[in-house]
Amino acid sequence: KEQVEKASEQMMKGYDELAAIAKGNVDALVQSGTVVFKGAEDMSREVAAYARSSFDKSVAAGKAMLSAKSIQEVVELQNSFAKTSFDAFVNEATKLQEMSVKVANEAFAPINARMTATVEKFSKPMAA
């Protein structure tokens, strides 16, 4: 009877520990998902702002070219517009890449913490 009670207590303790680990894992996934969602939202706003800015610059460049007094002026305006558009695109791509890396790192942090805690939890009895 004593051994059965002891085994039963150990099983309940083990169940409680597993339930706590599972709850922690779910919480980590929720935190990670929240970070990803917010990051995607921020990146979408950034892309929309870039698209709006790019469109406005295209319209302004088109108006400037239409009011040009010579073909040479049109070519110069076009070259200037192409260069600034390319530079803006490269800057935006770099910014989005940096945002993506930041979001990925922040989203993985809670999961990594849970993995570390779980490994530590299960490695202690093995070492003892």
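Contact here means that heavy atoms lie within 4.5 Å. In this predicted model, among contacts between residues at least 6 apart in sequence, 80% join residues that are at least 24 apart. The secondary structure consists of two helices and zero strands, and with a radius of gyration of 29 Å, well over the 14 Å that the globule rule gives for 128 residues, the protein is more spread out than a compact globule.

**Overall dimensions and surface**

- Taken along the principal axes, the box filled by the C-alpha atoms is roughly 105 × 25 × 10 Å.
- The accessible surface of the protein amounts to about 10,000 Å², and 65% of this surface belongs to carbon and sulfur atoms.
- Of the 128 residues in the protein, 12% count as buried.

**E46 in helix α1**

- Helix α1, which covers residues 2-66, contains E46, and this residue is buried because its relative accessible area of 18% falls under the 20% cut-off.
- When residues up to four places away in sequence are not counted, E46 touches E92, K95, L96 and M99.

- Together with F86 and V90, F89 makes a nonpolar surface patch of about 310 Å².

Methods
Residues numbered from 1 in each chain as written. Predicted model: local features only at pLDDT ≥ 70, side-chain atom pairs only at ≥ 80, totals over all residues. Heavy atoms only, no water. Patch = residues over 30% accessible without salt bridge, like charges linked within 9 Å, V, L, I, M, F, W, Y side chains within 5 Å. Areas by Shrake-Rupley, 256 points an atom, 1.4 Å probe, with all protein chains shown as cover. Salt bridge = Lys/Arg side-chain N within 4 Å of Asp/Glu carboxyl O. Helix = DSSP H or I, 4+ residues; strand = E, 2+ residues; numbered from the N terminus. Rg over C-alpha atoms; globule rule 2.2 N^0.38 Å. Buried < 20%, exposed > 50% of the residue type's maximum accessible area, 1.4 Å probe, protein only.
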